[in-house]
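The sequence and the model come first.

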Amino acid sequence: MKCGTVTIMGRPNVGKSTLLNSLMNMKLAITTDKAGTTRNIIEGIYQDEDSQIIFIDTPGIHKPMYKLGNLLNRKAYQNIDNADIILFLIDGSTGFGKGDQFVLNKLEEKKDTPLFLIINKIDKMKKEQLIQTINQVKDVCNFAEIIPISALKKTAIQDLIHTIKKYLPLEEAIFEENELTNVSTRFLMAEFVREKAMMLTRQEVPHAITCYVENYEEEDNLVHIQVLLVVDRENLKKILIGKGGSMLKKVGTLARHDMEEFLGKKVYLELHVKVIENWRDQEKLLKELGFDDE
């Protein structure tokens with residue numbers, strides 16, 4: 001069968017996680033309109049009758065301001081070396097900019113790996129704008145393929161998969177048939193909470209939040225989940241809790257809906273907020289919170 005690894009790369013907020021979800025036809029990675037939403041390497045294991053494709057969603061490459069940012073960049077770079085194909089994703093609606101060129105400069109070092117230019121968000125573009133964007137970028141690099149898509153609307157997703165298969169080697173399957181991802185259920189539950197907290201807050205709050213599951217217990221058709229939300233300042237904790245706990249309640253209600261849809265069970269969700277000053281700049285703490293180089 002056709003089998004291999006496809007790494008999705010690009011600057012923040014171009015739609016990498018949305019693309020992973022569309023390729024997998026399920027929600028594995030959280031998505032928001034905030035840059036820097038993805039903080040971990042998430043693999044989606046796509047399987048059909050003649051292929052197994054390991055799609056890897058990576059954090060957006062950016063100029064870091066904290067040790068967390070440096071770590072996220074390293075995570076993204078590490079997944080270039082072993083890729084059979086690299087999907088270089090840009091936001092077609094905003095055009096090819098300096099941030100895209102910064103990422104492309106790094107990707108061009110892997111000259112032996114097929115590099116696809118994926119122009120995303122064509123649902124927000126007119127035909128003339130798409131043609132102009134293609135003409136602007138087609139000679140910037142020796143792309144193996146240039147494919148316009150809409151990850152959100154799932155436009156041309158099957159065409160993309162079909163083209164990817166042409167470039168993959170004939171290999172034995174790497175994963176079992178029932179495997180879908182490399183991340184744990186506990187990780188996904190924490191991410192559902194972080195996604196809703198990011199969506200409902202503004203300015204510095206979304207970037208200062210991290211979440212992890214303190215307790216996860218299943219019994220029959222009920223799952224009891226406790227999630228801790230960590231921020232780095234007391235005023236952010238107050239915003240996240242809201243007046244009379246209103247904000248935290250909204251976060252919990254929305255997150256619980258996603259959890260129940262994913263698990264197929266009723267969920268009893270408890271949320272708590274804690275302040276840990278400068279958590280994004282403490283290497284030891286970052287490892288304890290699940291951010292490491294593995």
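The points below are grouped by topic.

This is a predicted model, in which local features need pLDDT of at least 70, side-chain atom pairs count only at pLDDT 80 or more, and totals for chains, interfaces and linings use all residues. Residues are numbered from 1 along each chain as its sequence is written, and side-chain values use heavy atoms, with hydrogens and water left out.

**The sheet**
- Six strands form an open sheet with mixed pairing, in the order β2-β3-β1-β4-β5-β6.
- Its edge strands, each pairing on one side only, are β2 (42-48) and β6 (145-148).
- Neighbouring strands are turned by 25 degrees against each other on average, direction ignored; axes are lines fitted to C-alpha atoms.
- Strands are DSSP runs (E, at least two residues), as are helices (H or I, at least four), numbered from the N terminus.
- Two strands count as paired if DSSP finds at least two bridges between them.

**β2 and β3**
- A hairpin of two residues links β2 to β3.
- β2 pairs with β3 (residues 51-57) in the antiparallel sense over seven bridges, and Q47 has Q52 in β3 as its bridge partner.
- Six of the seven residues of β2 are buried (under 20% relative accessible area), so β2 is largely enclosed by the rest of the structure.

**β4 and β5**
- β4 (residues 85-91) and β5 (residues 115-120) run parallel and are joined by six bridges.
- L87 has F116 in β5 as its bridge partner.

**E177**
- E177 lies in the loop between α5 (157-167) and α6 (185-200).
- E177 is exposed (over 50%), with a relative accessible area of 73%.
- E177 and Q52 are 125 residues apart in sequence and 9.0 Å apart in space, C-alpha to C-alpha.

Terms used: Axes are lines fitted to C-alpha atoms, for helices over the stretch in contact, and angles run from 0 to 180 degrees between N-to-C directions. Buried means under 20% relative accessible area, exposed over 50%, partly exposed in between (1.4 Å probe, protein chains only).
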